[in-house]
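Please open the structure in your viewer and keep the selection tool at hand. The tour goes from one selection to the next and says what is found at each.

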Amino acid sequence: EARIDHELLPVELEDSLFSVLISLPLVSQKQFIIGFGDKRSGFQFSGNDIEFISALAKSSADAISAIELREDIVRKELEKERLTELNEQKSLFVSSVSHDLKTPLTSINLLAQQMKRKHDLPRQKIDEYLEVIIGESERLKRLIDNVLDFSRMEKGINHRTLQPVDLREVIQKVNELLEYQLKSERFTLVVEISDKSAVVEGNQDALVECLINLVSNSIKFCGKERAAKLSLDVRDSEAVITVSDKGIGMTKEEKDRLFTPYYRSETSINKRIPGTGLGLSIVKNIVDSHGGRIEVESEAGEGTVFRLIFKVIE
């Protein structure tokens, strides 16, 4: 006894199958083909029967071909939509990169022109200008490094050499490199480092870049409280680096797409928050290449917590 679930069948195929099923020759308990009923001629099938079955077979074949054609069209439409979305994301990426590159270059050029025109600038002023120029140059370098790193990621190239790295030194270096940015943004970064040994198998430059991306995000997406916390703790055989803030946070949808390359949330676009949409995908790639894992907690309007967890070797 057979059962057909009509909800799972396309209309055309269901109709054809139903027609075929009710038109198939009947089989007796003795396995003799009865056909469409007794024939005066004594034959199992008449010419009309055969023509009818042939027509049904052709109808079924045409219905299946139509379904396959429709599936192909739908598949191509979905692929077209995906490519359109990707092109839009890349266009936005190019626009964002251009803006991010232009901003520090403008500051550098402006201060260099000032120093060139005013020969009688006091030493204190020159030092202030130089501090800004160096800071903006470092920011420019980090942006270019992000783009180059992502390009290597897309090509599957990984030049990172892993060796024992003390995460305490990594966090101290991050704090030093961000000194200018924190000062210029009037942002406070509270750093707490465990006294326990936190040596992991890793690449120091990559880990520094990873944490700078996370802290930079806290700066860009901060709320009224312009502060974040960067801490290192050792639990059992794992080192846990936490970057937490009380910023604008994320919705569930934004959190689900967090590590997608080129993705920028509606909030960041509407509020014109600068960014390329690459930072967190790079963070994920770096953590994965170190055999670590990432935990994220966030609620809209409540802030965000990132935890990077690595296995300690010492």
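What follows is a tour of a predicted model, from the whole chain down to single residues.

**The whole chain**

Start with the protein chain shown as a cartoon. Its secondary structure comes to nine helices and nine strands. How much of the chain is buried? Of the 314 residues in the protein chain, 36% are buried.

Contacts along the chain can be sorted by distance in sequence. Taking contacts between residues at least 6 apart in sequence, 71% join residues at least 24 apart.

**Helix 6 and helix 9**

Select residues 204-220, which form helix 6, and residues 279-289, which form helix 9. The two helices pack at an angle of about 145 degrees, and their axes are 9 Å apart. The crossing of helix 6 past helix 9 is left-handed.

Which residues make the contact? On the helix 6 side, select Ala206, Leu207, Glu209, Cys210, Asn213, Leu214 and Asn217. They meet Gly279, Leu280, Ile282, Val283, Ile286 and Val287 of helix 9. Sorted by class, the contact has nine nonpolar, three polar and one charged residues.

Stay in helix 6 and pick Asn213. Is Asn213 buried or exposed? Its relative accessibility is 11%, so Asn213 counts as buried, the cut-off being under 20%. Leaving aside residues up to four places away in sequence, Asn213 touches Asn146, Gly279, Ile282 and Val283.

**Salt bridges**

Next, show the charged side chains. Side chains of opposite charge can pair when their charged atoms come close. The structure holds 16 salt bridges. Some of them are visited here.

Select Lys183 and Glu131, whose side chains meet in a salt bridge with an N to O distance of 3.5 Å. Lys183 lies in helix 5 (residues 179-184) and Glu131 in helix 3 (residues 123-154), so this pair ties together parts that are 52 residues apart in sequence. Lys183 is exposed, at a relative accessible area of 57%. Glu131 is partly exposed, at 36%.

Go on to Glu238 and Arg293, another pair of side chains in a salt bridge, at 2.9 Å from N to O. This pair also links distant parts of the chain, 55 residues apart: Glu238 is in strand 7 (residues 238-245) and Arg293 in strand 8 (residues 293-299). Glu238 counts as partly exposed, at 28% relative accessibility, and Arg293 counts as partly exposed at 39%.

Now select Lys252 and Asp256. They form a salt bridge in which the closest N and O atoms are 3.1 Å apart. How many residues separate Lys252 and Asp256 in helix 7? They are four residues apart in helix 7 (residues 252-256), which means a separation of about one helical turn. Lys252 is exposed at 63% relative accessibility, and Asp256 is exposed with a relative accessible area of 54%.

End this part at Asp72, Arg75 and Lys76. These residues are linked in a network of salt bridges.

**A stop in helix 2**

Select Lys102, which is placed in helix 2 (residues 47-117). Lys102 is exposed, with a relative accessibility of 59%. Lys102 and Leu140 are 38 residues apart in sequence, and their C-alpha atoms are 9.2 Å apart in space.

The last selections concern the backbone. Most residues other than glycine have a negative phi.

Pick Arg186 in the loop between helix 5 and strand 4 (188-193). Arg186 is not a glycine, yet its phi is positive, about 50 degrees. Its relative accessibility is 71%, so Arg186 counts as exposed, the cut-off being over 50%.

Then pick Asp236. Where is Asp236 placed? Asp236 is in the loop between strand 6 (227-235) and strand 7. Its phi is near 55 degrees, again a positive value in a residue other than glycine. Asp236 is exposed, with a relative accessible area of 84%.

Conventions: Residues are numbered from 1 along each chain as its sequence is written. This is a predicted model: local features need pLDDT of at least 70, side-chain atom pairs count only at pLDDT 80 or more; totals for chains, interfaces and linings use all residues. Side-chain values use heavy atoms; hydrogens and water are left out. Axes are lines fitted to C-alpha atoms, for helices over the stretch in contact, and angles run from 0 to 180 degrees between N-to-C directions. A crossing is left-handed if the near helix is turned anticlockwise from the far one by less than a right angle, and right-handed if clockwise. Contact means heavy atoms within 4.5 Å. Ala, Val, Leu, Ile, Met, Phe, Trp, Tyr, Cys and Pro count as nonpolar, Asp, Glu, Lys and Arg as charged, and the others, Gly among them, as polar. Buried means under 20% relative accessible area, exposed over 50%, partly exposed in between (1.4 Å probe, protein chains only). A salt bridge is a side-chain nitrogen of Lys or Arg within 4 Å of a carboxyl oxygen of Asp or Glu.
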